[in-house]
Amino acid sequence: MGPKKDSGKRKAKRKTVRTTIELKKEIIAKYGTGVRVSDLASQYEMAKSTISTILKHKEMLKKADVAIGGTAISKQRPQIIEEMEKLLLIFTKEKMLAGDSISEALICEKALQIYENLLKTTGGESASSFNPHDTVTLTTPVTLTTQ
């Protein structure tokens, strides 16, 4: 038997798309109103199996309280970091709306300040293990501009 013939047509590799938690919650809500899986798949341009997987994890996703634009739920990441990111995102948006310039150093300093305040209010561990340069990752792209 000879080698496999190549018809010249190659399947295009499927593009990987990270779906946000908000979008997953929206899909779950629509499914709850009676929209069929196949209709959701065509509406969101996803495979039916992807929609089914989202629906399979609906209880976990409903409980999820992540920062805006979050795409993944991590069990290793403490909830206090999620809360700090939410508050930091609010801070940066307020600064941008006010037309203030924001530096990376200012964001890191504010992240540490928010983190320490959250530790005081929740009674957590010391902030010595927290390094804002290593762990602060804004889950929503923020464009920093000066005006």
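Where is Glu-45 found? I looked it up in what is a predicted model. Glu-45 sits in the loop between H2 and H3.

**Entry 1: Glu-45**

I checked the backbone first. Glu-45 is not a glycine, yet its phi is positive.

**Entry 2: H2 against H3**

I turned to the helices on either side of that loop. For two packed helices I recorded the angle between their axes and the distance between the axes. H2 covers residues 37-44 and H3 covers residues 48-56. They pack at an angle of about 110°, and their axes are 8 Å apart. Angles of 65 to 115 degrees count as roughly perpendicular, so H2 and H3 are given that label. The crossing in which H2 passes H3 is right-handed. On the H2 side, Val-37, Ser-38, Leu-40 and Ala-41 make the contact, and on the H3 side Lys-48, Ile-51, Ser-52 and Leu-55 do. Sorted by class, the contact of H2 with H3 has five nonpolar, two polar and one charged residues.

**Entry 3: the buried side of H2**

Which residues of H2 are buried? I listed Leu-40, Ala-41 and Tyr-44. Viewed down the axis of H2, these buried residues fall within an arc of 100°, so they line one face of the helix. They pack against helix H1 (21-32) and against H3.

**Entry 4: Thr-50**

I looked up one more residue of H3. Thr-50 is in helix H3, and it is partly exposed, with a relative accessible area of 33%. I also took a distance from it: the C-alpha atoms of Thr-50 and Val-37 are separated by 9.7 Å, with the two residues 13 apart along the chain.

**Entry 5: H5 against H6**

At what angle do H5 and H6 pack? The angle between H5 (residues 79-97) and H6 (residues 104-122) is about 130°, with the axes 9 Å apart. H5 and H6 are therefore oblique to each other. Their crossing is right-handed. From H5, the residues in contact include Ile-80, Met-84, Leu-87 and Phe-91; those of H6 include Ile-107, Ala-111, Ile-114 and Leu-118. By class, the contact of H5 with H6 divides into 13 nonpolar, two polar and two charged residues.

Notes. Residues are numbered from 1 along each chain as its sequence is written. This is a predicted model: local features need pLDDT of at least 70, side-chain atom pairs count only at pLDDT 80 or more; totals for chains, interfaces and linings use all residues. Side-chain values use heavy atoms; hydrogens and water are left out. Axes are lines fitted to C-alpha atoms, for helices over the stretch in contact, and angles run from 0 to 180 degrees between N-to-C directions. Helices (H or I, at least four residues) and strands (E, at least two) are DSSP runs, numbered from the N terminus. Angles under 35 degrees count as roughly parallel, over 145 as roughly antiparallel, 65 to 115 as roughly perpendicular and the rest as oblique. A crossing is left-handed if the near helix is turned anticlockwise from the far one by less than a right angle, and right-handed if clockwise. Contact means heavy atoms within 4.5 Å. Ala, Val, Leu, Ile, Met, Phe, Trp, Tyr, Cys and Pro count as nonpolar, Asp, Glu, Lys and Arg as charged, and the others, Gly among them, as polar. Buried means under 20% relative accessible area, exposed over 50%, partly exposed in between (1.4 Å probe, protein chains only). The arc is that of the directions from the helix axis to the C-beta atoms.
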